[in-house]
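Here is a short report on charged pairs, a surface patch and a pocket. Look at the model below, then read on.

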Amino acid sequence: MLWHVYVASNCFTFVGVLIIAAGHIPAVFSWLSMILTTLGGLGLTISSIWMSINMLMAIYRYWTTLQGGNARTTPEKAIGFLFIPFFNFYWGYQCIIGLRTDMNKYIANYRTDIPPIRDNNYLIITFTLSLIPYVNLIGSVLFLGEWNRRNKEFAYAASRIIHG
């Protein structure tokens, strides 16, 4: 649900900016563009904060799941290093790729009945696109869609690891 709010807010902001960029427009459209841009900005802010918190909580839970099987980091480090300026760009890749790699190793060593997590790099590509200015309008939506799909794989594997 919140993902849809994010996409709709992104569209509102984009349409508002397009109306403003059109140049000489009647007063009605300038008010409409300000309203759309404001609503889009508020929606983007609220949904971005909420989704970021949920992503951090999910990453923490997944790293907690792997602590018995020689994980490369602790859940506290996995989340804490994401808040270090400039290092967080590197650590974002390590956190997600490392999680996928460590979870697949755990599954191969301890739980062969769980299907491994796919090793495609769509999540990393969309994450990189979401960091590039102006491209991030589309890249962030693609990243969230890919995170949603990948999150289901992580959640299924973590649930099977914990509950059998």
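Salt bridges link Arg118, Glu146, Arg149, Arg150 and Glu153 in a network. A salt bridge is a side-chain nitrogen of Lys or Arg within 4 Å of a carboxyl oxygen of Asp or Glu. Side chains of opposite charge can pair when their charged atoms come close. The structure holds seven salt bridges.

This is a predicted model: local features need pLDDT of at least 70, side-chain atom pairs count only at pLDDT 80 or more, and totals for chains, interfaces and linings use all residues. Residues are numbered from 1 along each chain as its sequence is written, and side-chain values use heavy atoms, without hydrogens and water.

| Pair | Closest N and O atoms |
|---|---|
| Arg118 and Glu153 | 2.7 Å |
| Asp102 and Arg72 | 3.2 Å |

Start with Arg118 and Glu153, which form a salt bridge. Arg118 lies in the loop between H4 and H5 and Glu153 in helix H6, so the pair ties together parts that are 35 residues apart in sequence. Helices are DSSP runs (H or I, at least four residues), numbered from the N terminus.

Now the cover. Buried means under 20% relative accessible area, exposed over 50%, and partly exposed in between (1.4 Å probe, protein chains only). Glu153 is buried at 15%. Arg118 is partly exposed at 46%, and Arg149 is partly exposed at 23%.

Which parts does the pair of Asp102 and Arg72 tie together? Asp102 lies in helix H4 and Arg72 in the loop between H2 and helix H3 (75-80), so the parts are 30 residues apart in sequence. Asp102 is buried at 8% relative accessibility, while Arg72 is partly exposed at 44%.

A pocket is an open set of points on a 1 Å grid where a 1.4 Å probe fits, with protein on both sides within 12 Å along at least five of seven lines; lining residues have an atom within 4 Å of a point. The largest pocket holds about 680 Å³ of space. Of its 24 lining residues, Ser52, Met55, Phe127, Ser130 and Phe143 are closest to its centre. Helices H2 (27-65), H4 (87-110), H5 (122-131) and H6 (136-163) each give two or more residues to the lining. H2 gives the largest share, six residues.

Terms used
Points joined across faces, edges and corners; volume = space filled by probe spheres on them.
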